[in-house]
Amino acid sequence: MKFAHLIWDWNGTLLNDLAASLNAINRLLADHQLPRTDLADYLRHFGFPVRDYYTHLGFPPDLPPDVWQTLAQTYHDHFNADPSTDLFPDTRDALQRCADARLSQSILSALHHPLLLQILTDYHLTPYFTHICGVDNLHGASKLEQGRQLLRQLNLPPDQILLIGDTLHDYHVARELGLHCILITRGHQHPDRLLATRTPTFPSLARAVDWITANEQG
């Protein structure tokens, strides 16, 4: 199984932002006098579309679009102000190892595209990627359509592409697009949820890249 291209998720896969996400959620809950959540509940229930997770937390399921937009913006304001986000310790090495193996790489993220570009620039990571694809909103709904657009740009057979992510949404996007998929179990969802997909899972990027390069070598 040799790959022509790698598609990376960003949040929770290359960027360690779990604490910042949980902090932002709890600040948003406090803003609306709702009970705090904890890490165990977050890992068990967070998912896409994010709006369903907000309903789990106690927000009404039928929020008007303007109210939902305000919630999404406030969450991102809290998230962007949190100083705890950073690359995982093995992120740069993983990207470099894949580049050294002559694998082209892209990012497909549910993060707002302008913010994604800014963060990648700040971390000096943009040279690793042939394509950087975020979404055009703050709603955390889905990145499937952006994935379809990316495949058209890549113009490669889907079965030559590997998607690396940390959520069930990444797995479902890969399945819908006909891509191979592996999952990293230290991100935004509990490992048990990812293991249930029976797709290859790894505790770190270093281990994942070991698997990728082993496949590349036949």
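The buried residues of helix α7 are covered by elements that include β1 (5-8), β4 (104-112), β5 (131-135), β6 (161-165) and α8. Here, buried means under 20% relative accessible area, exposed means over 50%, and partly exposed lies in between, with a 1.4 Å probe and protein chains only. Helices (H or I, at least four residues) and strands (E, at least two) are DSSP runs, numbered from the N terminus. This is a predicted model, in which local features need pLDDT of at least 70 and side-chain atom pairs count only at pLDDT 80 or more, while totals for chains, interfaces and linings use all residues. Residues are numbered from 1 along each chain as its sequence is written, and side-chain values use heavy atoms, with hydrogens and water left out.

Let us stay with α7 for a moment. Its buried residues are Leu 144, Gln 146, Gly 147, Leu 150, Leu 151 and Leu 154. Seen down the helix axis, these buried residues fall within an arc of 150°, so they line one face of α7; the arc is that of the directions from the helix axis to the C-beta atoms. One of them, Gln 146, belongs to the helix that spans residues 144-154. Why does Gln 146 count as buried? Gln 146 has a relative accessible area of 14%, so it is buried. Not counting residues up to four places away in sequence, Gln 146 touches Leu 108, Gly 134 and Val 135, where contact means heavy atoms within 4.5 Å. Just after the helix comes Asn 155, with a positive phi of about 55°.

From here we can move on to Leu 179, which sits in the loop between α8 (168-177) and β7 (180-184). Is Leu 179 buried or exposed? Leu 179 counts as buried, because its relative accessibility is 9%. What is Leu 179 in contact with, leaving aside its neighbours within four places in sequence? The partners are Ile 7, Leu 151, Pro 158, Ile 161, Leu 163 and Ala 174. Leu 151 is also among the buried residues of α7. As for Pro 158, it is 21 residues away from Leu 179 along the chain, and the two C-alpha atoms are separated by 5.1 Å.

Another helix to look at is α5, residues 91-100, whose buried residues are Thr 91, Ala 94, Leu 95 and Cys 98. They cover an arc of only 95° around the axis, which puts them on the same side of α5. After this helix comes Arg 102, where phi is positive, near 65°.

Most residues other than glycine have a negative phi, and most peptide bonds are trans. Gln 33 has a positive phi near 55° and lies in the loop between α1 (18-31) and α2. With 69% relative accessibility, Gln 33 counts as exposed. Arg 198 also has a positive phi, near 65°, and is found in the loop between α9 (191-195) and β8 (201-202). Its relative accessibility is 79%, so Arg 198 counts as exposed. For a cis peptide bond, look at the step from Phe 48 to Pro 49, where omega is near 0°. Pro 49 is in the loop between α2 (39-45) and α3.

Asp 62 counts as exposed because its relative accessibility is 63%. From Asp 62 to Pro 203 there are 141 residues in sequence and 37 Å in space, C-alpha to C-alpha.

Finally, let us step back to the whole protein chain, which has ten helices and eight strands. Its C-alpha atoms fill a box of roughly 55 × 30 × 30 Å along the principal axes. A compact globule of 218 residues would have a radius of gyration near 17 Å, and the chain agrees with that at 17 Å; this radius is taken over C-alpha atoms, and the globule rule is 2.2 Å times the number of residues to the power 0.38. Of the 218 residues, 51% count as buried. Among contacts with a separation of 6 or more, 65% join residues 24 or more positions apart.
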